[in-house]
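The following questions and answers concern the terms used to describe a protein structure. Each answer sets a value against the rule behind the term.

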Amino acid sequence: MSRPEKRSKVNLFRPKKGHMRDEVLIILAILFGWVVCTFGFQLLVYACRGTGAGSLLTRLTLFNLPLHFWFTGQFLPLWFIFLCIIFNVYVDRITEYHSRKRDRSYE
Amino acid sequence: MNDSSWSIFVVLLVLLSFILVGLRQKARESQEYGFGGRFTGRIGGGAAIASNWMSAASLMGLAGIIYLHGYQGLAYVIGWTGGYVLLLVLLASQIRRFGKFTTPEFVGERYGSRPARLIAAVISIAISVIYCVAQFKGIGLIFSFMFGLGYEQGVTYGALAVVSYLVISGALGVPRNQQLQYLVICVAFIVPLMWLARRLGYFWVLPQFGYGRALTDLWREFRIDFTLPFADDSLFQWCALCFTLMVGTGGLPHVLSRFYTVPNVRDARWSVVWGLFFIALVYWSAPAFAVFGRLIEARRGMIPSPEAARAAADVVTLNTAVAAGLPGWLVGVLAAGALSAAFFTVAGLLMTGAASISHDIYYSFLNPRASERARMQVAKGGTLVLAALVLIIALDPPGLIAEITAVAFALAGNTIFPLFLLGIWWDRANRYGAIAGMLTGVLCTVAQPVFGGTFPAVAALFPVTSSALCGTPLVILVMIAVSLATPPPPEEMRSFLEQEVHGHMD
């Protein structure tokens, strides 16, 4: 923005540079993984009903569970844990990076 | 001893031991450190999150709804775990940096408005009351199961028991050992399940995976398909329910405050991961109870009518354990786990609800000059009034445990979640937007029962258990529109958000 501002605005879709921008990027990435696997998969199951792909989803089994039931009932909670771990590792890393950067600027 | 006296014995033993352990811990801590409460690391923090979360809905309602609806019921499993992702990435660290411990306090501070704070307090109390109704139903069912009483008697005695427990542990000043609570609740749920799987001849070491064969047998022997997707309801209903439970998690009064009990933001974030893992352990197990319950019924030649199945759904875990011939003490363990979960949830919610009546409504709004003692009395009276209100509603419960709980989540998702989301991530959101948003959220939550008869489209878009899929986006739009049409919030608050909440690293 060319207009000088004394204070940048807080907006999820227009994060300010630095830590907040990095944080918002990982938030949006995690939310993408969350939406696609939760709702995207249900949409897929629904759209494939009665087709070859649909019967593949319901006839293939894992741990004796039909694939779609296993994915929703067992894999998704695990996927959520995985997403949270990724988020935490990444945020730990950017926090360290930015705090090191900040400390140097005070030297 | 017969089965029911075993159950009563084990339940009494478990509840009493929580008080004794709490008292011992209190004595030791005041000796060693001179103050109560301690930090037990990220895993301990996670166990506390999970123990806070475990309620009759997780231990009884979840298996019941899956027993009834099969694949459709999995929306509850996903909704109640996936919500933590939202909470962690969007709100946890920011709310902690904001530094307000309860929803009304956050709303009062962020939006700088006493009416907004009052409305938020009333909504939080309403959420607690609805949530408690579901717990009371669970407690009533366990009491009638243990003592062979009718439901009304069971729920009345159960209410008396939970209030007495609250008074006794309050009078003795027993601290809650949430790590121990989680351990007891989790073991009391999973060990009977392992026993059940072994008895039925399935893989019992990890019954969470072992029930797959039971599912196959159910189909092969009786042609009951438990896994058929979208059999009773539509894709929209599945997604609406799942989304509602997820956003509701982000707005529940007793969940948010957990982030303040760990010393720093990093530990708070990591304890969410452990908490989610501990919660998932129970949620991976609940469908197994439902499947074993159906299988045992079918093998005995009982295919219940839809009404009978609905009536039995909330006690399917206990009924299945009895029908499979589990020893009496183990049935007692199962009942004790569910009862403790319901007890602690009720205790926590009634106390926060009463504190909110005393602090946010009485002290902040009605009588700012009230003495400490008067406020304490209002809080104590408030606990009893709330308990009585919950009991009256629970005497004729409006639905299944999981369904009643879902309404509380819908209200939280429609009102409090947008308030936090925009309050943290958009500095332009102001008090007028907040008030308009909360009122719209309440309207969305009650849309089906109130306007559904006149406008069928409203009933279809805002089903009472799952109104947030359409409700939350609508509330967010209303908040944005009203905020933009009215003057911006004070400069100090906007700078605080920019510098403290989002600029701590600049």
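Q: What share of the 107 residues of chain A counts as buried?
A: The structure is a predicted model. In chain A, 46% of the 107 residues count as buried. The word applies to a residue with under 20% relative accessible area.

Q: What makes up the secondary structure of chain A, and in which order do the elements run?
A: Chain A has three helices and two strands. Starting at the N terminus, their order is α-α-β-β-α.

Q: What part of the contacts in chain A with a separation of 6 or more comes from residues 24 or more positions apart?
A: Such residues account for 56% of these contacts.

Q: How do you know that the length of helix H1 of chain A is close to the expected one?
A: Helix H1 of chain A covers residues 19-47, which is 29 residues.

Q: Why is the span of helix H17 of chain B said to agree with its number of residues?
A: Helix H17 of chain B (residues 401-425) has 25 residues, so at 1.5 Å a residue it should span 36 Å. The C-alpha atoms at its ends are 34 Å apart, which agrees.

Q: Where does H17(B) bend, and what makes it mostly covered?
A: The bend is at Gly413(B) and amounts to about 40 degrees. H17(B) is called mostly covered on the following count: 25 of its 25 residues are buried.

Q: How many aromatic pairs does a search of the whole structure find?
A: Over all chains, the search finds 33 aromatic pairs.

Q: Why is the pair of Tyr182(B) and Phe278(B) called tilted?
A: The ring centres are 4.9 Å apart, and a pair requires centres within 6.5 Å. The planes stand at 45 degrees; stacked pairs have planes under 30 degrees apart and edge-to-face pairs over 60, with the rest counted as tilted. The pair of Tyr182(B) and Phe278(B) is therefore tilted.

Q: What makes this pair a link between distant parts of the chain?
A: Tyr182(B) belongs to helix H8 (residues 178-200) of chain B and Phe278(B) to helix H12 (residues 265-299) of chain B, and the two are 96 residues apart.

Q: Are Tyr182(B) and Phe278(B) buried or exposed?
A: Tyr182(B) has a relative accessible area of 5%, so this residue is buried. Phe278(B), at 12% relative accessibility, also counts as buried.

Q: Why is the pair of Tyr202(B) and Phe292(B) called stacked?
A: The centres of Tyr202(B) and Phe292(B) are 5.8 Å apart and the planes are 15 degrees apart. Planes under 30 degrees apart count as stacked. Tyr202(B) lies in the loop between H8 and helix H9 (207-222) of chain B, whereas Phe292(B) lies in helix H12 of chain B, 90 residues away. Tyr202(B) is buried at 5% relative accessibility, and Phe292(B) is buried at 0%.

Q: Which residues do ring pairs link into a cluster?
A: The cluster consists of Trp53(B), Tyr76(B), Trp80(B), Tyr84(B), Tyr131(B), Tyr283(B) and Phe409(B).

Q: How do you know that the charged end of Arg223(B) sits over the ring of Trp219(B)?
A: The charged end of Arg223(B) is 4.7 Å from the centre of the Trp219(B) ring. The distance limit for this description is 6 Å, and the charge must also be within 35 degrees of the ring normal. Arg375(B) likewise lies over the face of Tyr363(B), 3.9 Å from the ring centre.

Q: Why is Ser271(B) called buried, and what does its side chain reach?
A: Ser271(B), in helix H12 of chain B, has 2% relative accessibility and so counts as buried. Its side chain reaches the backbone oxygen of Ala268(B) at 3.0 Å. Beyond its neighbours within four places in sequence, Ser271(B) is in contact with Arg42(B), Gly45(B), Gly46(B), Ile49(B) and Val262(B).

Q: What makes Gly64(B) buried, and which residues is it in contact with?
A: Gly64(B) is part of helix H3 (residues 56-69) of chain B, and its relative accessible area is 0%, so it is buried. Apart from neighbours within four places in sequence, Gly64(B) is in contact with Ala313(B) and Val316(B). Between the C-alpha atoms of Gly64(B) and Ala309(B) there are 9.2 Å in space, although the two are 245 residues apart in sequence.

Conventions: Residues are numbered from 1 along each chain as its sequence is written. Chains are lettered from A and ligands numbered from 1 in the order in which they are written. This is a predicted model: local features need pLDDT of at least 70, side-chain atom pairs count only at pLDDT 80 or more; totals for chains, interfaces and linings use all residues. Side-chain values use heavy atoms; hydrogens and water are left out. Helices (H or I, at least four residues) and strands (E, at least two) are DSSP runs, numbered from the N terminus. The expected span of a helix is 1.5 Å times one less than its number of residues. Rings of Phe, Tyr and Trp (its six-membered ring) pair if their centres lie within 6.5 Å; planes under 30 degrees apart count as stacked, over 60 as edge-to-face and the rest as tilted. Buried means under 20% relative accessible area, exposed over 50%, partly exposed in between (1.4 Å probe, protein chains only). Contact means heavy atoms within 4.5 Å. A polar contact is a pair of N or O atoms within 3.5 Å; within protein, one must be able to donate a hydrogen and the other to accept it, and residues adjacent in sequence count only if both atoms are side-chain atoms. The bend at a residue is the angle between axes fitted to the seven residues ending there and the seven starting there.
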